[in-house]
Amino acid sequence: MKYIFVKNPYSYIAITCALVLIIAIFSIESSYYRFLRVLVFTGALVIGSQFTKDPFRLLSFVLIAYLFNPIFPIYLYQKLIWMPLDVITALLFLANTFKTKSTKPFIPYARKKTTKSYGRDRKF
């Protein structure tokens, strides 16, 4: 199974959000976390709009947008609670930048079946 990077605007938004979330693990001033909430909230809504036919992915990105909501923020008050959430959310964003490409298994000595085709007039 091969993983292929999908080159579209959604994947670049997802990479940006993942990098911002990974940087958030370190101790930074509070203005960065306000920026993080706005960026991850909008990124989750944009990427979630891509998955209208996949309810599990849509629900996961709606929950991410709810968790990082800058309008009515959710405060967990401890850095140790936010750190695993940041890592898991970054991995979810990164998981949507790659798609899997399945390959057919290689069978070394398999004979290909060919059908004999006779012309219009067959000889018996």
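Trainee: How many residues does helix 3 have, and what span is expected for it at 1.5 Å a residue?

Mentor: In this predicted model, helix 3 covers residues 55-67 and has 13 residues. From its first C-alpha to its last the helix reaches 18 Å, which is close to the 18 Å expected at 1.5 Å a residue.

Trainee: Which residues of helix 3 are called buried, and what makes a residue buried rather than exposed?

Mentor: The buried residues are Ser 60, Phe 61, Ile 64, Ala 65 and Leu 67. The word is used for a relative accessible area under 20%, whereas exposed stands for over 50%, and Pro 55, Leu 63 and Tyr 66, on the other side of helix 3, are exposed.

Trainee: How do you know where the buried residues of helix 3 fall, when seen down its axis?

Mentor: The buried residues Ser 60, Phe 61, Ile 64, Ala 65 and Leu 67 fall within an arc of 165° when helix 3 is seen down its axis, so they line one face of the helix. An α-helix has 3.6 residues a turn, so residues three or four places apart point the same way.

Trainee: What covers the buried residues of helix 3?

Mentor: The cover includes helix 2 (30-50) and helix 4 (79-95), and contact here stands for heavy atoms within 4.5 Å.

Trainee: What pattern does the protein chain follow along the sequence?

Mentor: The protein chain has 4 helices and 2 strands, and read along the sequence they follow the pattern β-α-α-α-α-β. Of the 124 residues in the protein chain, 25% are buried.

Terms used:
Residues are numbered from 1 along each chain as its sequence is written. This is a predicted model: local features need pLDDT of at least 70, side-chain atom pairs count only at pLDDT 80 or more; totals for chains, interfaces and linings use all residues. Side-chain values use heavy atoms; hydrogens and water are left out. The expected span of a helix is 1.5 Å times one less than its number of residues. Buried means under 20% relative accessible area, exposed over 50%, partly exposed in between (1.4 Å probe, protein chains only). The arc is that of the directions from the helix axis to the C-beta atoms.
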